[in-house]
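Subject: Structure for you to look at

Hi,

Here is the structure I promised. Please open it alongside this note. My findings follow below.

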Amino acid sequence: MNRELLIKVKEAILANPDHFDMSSWLVPGHENTFGCGTAACIAGWAGLIAAGSNPARLYFYDSKWGRFEKIAIEGTKALDLSDDQHQALCYVGSWPVELRAEYDKAVAARDGKKAAAAAADRIDYFIKTDGD
């Protein structure tokens, strides 16, 4: 697991809560610090950060499935996660109950800052428990 990148992802999410969305890897139509017009989930942010000054290389749109899948693949690779760890971190339904409830409540209230804080708490817990 790439703890250093996870910490950068957490910091980016907290600094850009309006550009964080766990419901999709990459959501076009937002403006973020990368200037690439997206909001992203944890794996999406990892992919953007790992891409550095060239986030455009992550834009592979899968027209069959209607999604930006490459960003999740690249983000997961950069985070050095197993399939189980990817599932545990990147799918809210697999989060610990308390953290999932915190995130769901924030989303229902349309409170981006609280949703970002819940994701930051999830990342901290993930690091603390070595990927659980």
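Which residues are exposed on the other side of α5? They are V97, E98, K105 and A108. Bear in mind as you read that this is a predicted model.

Helix α5

Start with the length of the helix. Helix α5 runs over residues 97-108, which makes 12 residues. At 1.5 Å a residue, the helix should span 16 Å.

Now the buried face. L99, Y103 and A106 are the buried residues of α5. They cover an arc of only 65° around the axis, so they sit on the same side of the helix. Their packing partner is α6, residues 112-128. The exposed set of V97, E98, K105 and A108 is on the other side of α5.

The loop after α5

Next, look at R110. This residue lies in the loop between α5 and α6, just after α5. R110 is not a glycine, yet its phi is positive, at about 55°. Is R110 buried or exposed? R110 is exposed: its relative accessible area is 80%, and the cut-off for exposed is over 50%.

The segment after α6

Two residues are worth a look here. Take D130 to begin with. D130 is found in the segment after α6. Its phi is positive, about 55°, although D130 is not a glycine. With a relative accessible area of 48%, D130 is partly exposed.

Then there is G131, also placed in the segment after α6. Why does G131 count as buried? Its relative accessibility is 13%, and buried means under 20%.

What does G131 touch, leaving aside residues up to four places away in sequence? The contacts are M1, Q85, A88 and F126. There is also a pairing in space to check. G131 and L89 are 42 residues apart in sequence. From C-alpha to C-alpha, G131 and L89 are 7.8 Å apart.

Where to click

- α5, with L99, Y103 and A106 buried and packed against α6.
- R110, for the positive phi of about 55° in a residue that is not a glycine.
- G131, for its contacts with M1, Q85, A88 and F126.

Best wishes

Notes:
Residues are numbered from 1 along each chain as its sequence is written. This is a predicted model: local features need pLDDT of at least 70, side-chain atom pairs count only at pLDDT 80 or more; totals for chains, interfaces and linings use all residues. Side-chain values use heavy atoms; hydrogens and water are left out. Helices (H or I, at least four residues) and strands (E, at least two) are DSSP runs, numbered from the N terminus. The expected span of a helix is 1.5 Å times one less than its number of residues. Buried means under 20% relative accessible area, exposed over 50%, partly exposed in between (1.4 Å probe, protein chains only). The arc is that of the directions from the helix axis to the C-beta atoms. Contact means heavy atoms within 4.5 Å.
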